[in-house]
Each structure stands twice: as structure tokens, then as C-alpha cells.
Amino acid sequence: MAEIAVYRGPHCPRCRATVPDAWLTDGTVICPECGGDFEATRFTPVERKVEATRIIDEAPEGANLCANHARNAAVTSCQRCGLFICSLCDMNVGSGSYCPSCFSKLHTEGTLGDAARRYRDYTLLARSAVIAGVLIWFLSIPFGAVAMYWALKGRRQRREMGRKTFAPILILILGALQVIGGLALIAVIVYTLVKS
Amino acid sequence: MNETGRKLVGKSTSLSGREMVYQTAEGFEVVKTENYEVEELRVFFDDVMMVTIHREVGVLFLVFTGLISLFFIAFALFFFFVDDDTWPASLIFLVLGSPAIVAFLVRAIFRIDVVTIFGRRSKATMRFRIRKQRAREVYEQVCAAVREAQRRRDPVSEP
């Protein structure tokens, strides 16, 4: 399944290791994972209390009732568990209707693809690097290397998403050719200069 | 504040994208531009859990600019020593490589100050390459603004 970068709360700003609540303190903090230090100021935000308003006092006769709000009429059912849900419970962010618990579970797993705002397309990045390597030909070696790195990440990303991996493989080959071409060019220049 | 009611407090640029952080009356707006995609996030004052500041080098950046610098310097040296008449070629290579050399030196000397605002559901990152004092000011401004907003919301817990 797709792996989506999901923010999971405060982490080490250096290594991104999730910080245990215990060492979220004021002052200088040393990350137990990377050993790097950073200065931190901790805050304790007040928990928000959301009170859902009742849509109707009594559901119309014959209507399905929401599984979470007995007095609300169900407007749809959860795509994952099939539970009847009212408009308050309908967690539809363009990804279909889910009940709150399924939405939370899918979001935590990072598998709610359509609900993700964005993810990095490494294949696109690799393609840009290859084009840059062609345009700035004397830098074809670093651009080719970067393109290969991103193409590999893009291939893995696409495979996890169940998409075709032809494009990243092609870019990987082009990146390799750029690196080889760059090295060959340097060799020819040096050889010519030495010979002359 | 500008006409949209938000003020730019910092930004963070990398090889792959840019992140602009604006302060508004309610919190921080983060505008992420990555390649051709733009994403807007908010970190509300009420949601801020931690603000950090640290100094880092950015190894990848140093390696990248260092390699480019070495490439051009090597060629410049080569042309300088290969013959007495080829020194203009070495100058050309030095000029071509100068952006990478300057970038490498600036990063190695000044390093980079990073201010990160961690909220419950999102975060904002600002990088300050040269203005270290500005980084400290922003860190303190952010902490003060968050502290004030959270004190207004929950006056009891404040000593």
C-alpha cells in the first residue's frame, strides 16, 4: 500500500525520531536516537471539546439510524465496515465515506491515499534531474547520480502504490547513461589535453 | 502584517521545494511549494506543543556543493599548471564554479539555524542561513505568541 508521510506529533528536528512525552521539556534536549541537541520550549495546549449538535430530534419512521447517534438518520454507510452513519459521522474528504473510527485507523496506517493532501513524486523529481543534466551538460555526473537515486525511490514508491514502474526504470537508465557520458567526456578531455 | 492579515516570519528552502511560514492572528500558515504542487497548512497557536531551535550543517548540501567545487577547482588547477598560456581557462572554470564554492563556504562557516513549530496535527519549519540573530528573535516571538494565546485560552493553568 502507499506510504504517506503522516505527521505524528513532535519529533527530533534533526533525525525525526518520535520523541517520548517524558523528554518533551524546556531547555536543551539531547535526542537519545541521534545524540544531537536542540533547544526546546514545551507547551501544553488545552484539549478541544467539540459538541456535536443534533440534526433532528427523531429519525423519520423507516429510516436507518446512525450507529453512533441514535437520534440521527443515517445518510450513508462506512465504505470499510458498513456501519450506518449520519452526516456528523461521515468522514468524507474526497476519499469516500468512512465512519470516524475507520477513518482514524486508515489515516494512522497512512493508507487513506485520497485523504492525503500531497506526497512527493520521486519519479517526477528524477525526471527533472535528468532534464537538468541534459541542459547543464557539464554537470551531468551529479545530476545523473541524483536522478538515479530519485528514480530508485520513485520505483519503490510506485511499486508500493501498485503503479507501473516503467518510467522510473527508464529514468534510472538515462541517469546512468548521463553519469557514464560525463565520465567519458572528462576522460576524453583529459586524454586530448595530455596527448596534445 | 500585509493586506491579507499575515506576516512572513520565515522560510525554508531545499533542493526539492520551499516552505513559507506566515504568522496570522490565529496561528501560522505554512505554504509548501514542492515542484509544481502547493500545499497550505495551519498550525494554530492553540495546537502548538513544542517549539525548537537548533543549528545544523546539512551534510547533503555540503557534499553536493563540495563535489561541484572540487570538480571546478580541479579543472582550474589543471589548466593553471598544464601550460603557461592556459591560465584563462582556469579562470573560466573558477568563475563557473564560484557559486558552488561560495555556497559551500557560506554553509560551512555560518551553518544553518532551524526553528521548528510542532503542532498537534502539523508543523512549520523555518531555516535561517546567515541571520542568526533573526532566528533567535523569531524563536522568541513564536514562543511568546503561543504562550500568550494559550494563556488567554486557559488562564487557570498559567502561574
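β5(B) and β6(B), the latter spanning residues 112-118 of chain B, pair in the antiparallel sense over 7 bridges; strands pair here if DSSP finds at least two bridges between them. Helices (H or I, at least four residues) and strands (E, at least two) are DSSP runs, numbered from the N terminus. This is a predicted model, in which local features need pLDDT of at least 70 and side-chain atom pairs count only at pLDDT 80 or more, while totals for chains, interfaces and linings use all residues. Residues are numbered from 1 along each chain as its sequence is written, and chains are lettered from A and ligands numbered from 1 in the order in which they are written.

**Where the chains meet**

- Across the interface, 22 residues of chain A are in contact with 31 residues of chain B (contact: C-beta atoms, placed from the backbone, within 7 Å).
- β2 (37-42) and α2 (122-135) of chain A each supply at least two residues of the side of chain A that touches chain B.
- β2(A) gives the most to that side, with 6 residues.
- By class, the side of chain A that touches chain B has 13 nonpolar, 2 polar and 7 charged residues. Ala, Val, Leu, Ile, Met, Phe, Trp, Tyr, Cys and Pro count as nonpolar, Asp, Glu, Lys and Arg as charged, and the others, Gly among them, as polar.

- Chain A has 4 helices and 4 strands, running β-β-β-β-α-α-α-α from the N terminus on.
- Of its 196 residues, 24% count as buried (buried: 20 or more other C-beta atoms within 10 Å of its own; exposed: 12 or fewer; partly exposed: in between; C-beta atoms are placed from the backbone).
- β1(A) and β2(A) run antiparallel, joined by 4 bridges, and A:Val29 has A:Phe38 as its bridge partner in β2(A).
- These two strands form a hairpin with 6 residues between them, and A:Gly35 in the turn has a positive phi of about 80 degrees.
- Further along, the axes of α3(A) (residues 140-160) and α4(A) (residues 166-195) come within 8 Å and cross at roughly 160 degrees. That makes α3(A) roughly antiparallel to α4(A), since angles over 145 degrees count that way.
- The contact of α3(A) with α4(A) has 15 nonpolar, 7 polar and 2 charged residues.

**Chain B at a glance**

- Chain B has 3 helices and 7 strands, in the order β-β-β-β-β-α-α-β-β-α from the N terminus on.
- Buried residues make up 32% of the 159 residues in chain B.
- Among contacts in chain B between residues at least 6 apart in sequence, 51% join residues at least 24 apart.

- Most residues other than glycine have a negative phi.
- A:Arg16 has a positive phi of about 65 degrees although it is not a glycine; A:Arg16 sits in the segment before β1 of chain A and is exposed, with 12 other C-beta atoms within 10 Å.
- B:Arg111 has a positive phi near 55 degrees and lies in the loop between α2 (87-110) and β6 of chain B. With 15 C-beta neighbours inside 10 Å, B:Arg111 counts as partly exposed.

Terms used:
Contact = placed C-beta atoms within 7 Å. Axes fitted to C-alpha atoms, helices over the stretch in contact; angles between N-to-C directions. Parallel < 35°, antiparallel > 145°, perpendicular 65-115°, else oblique.
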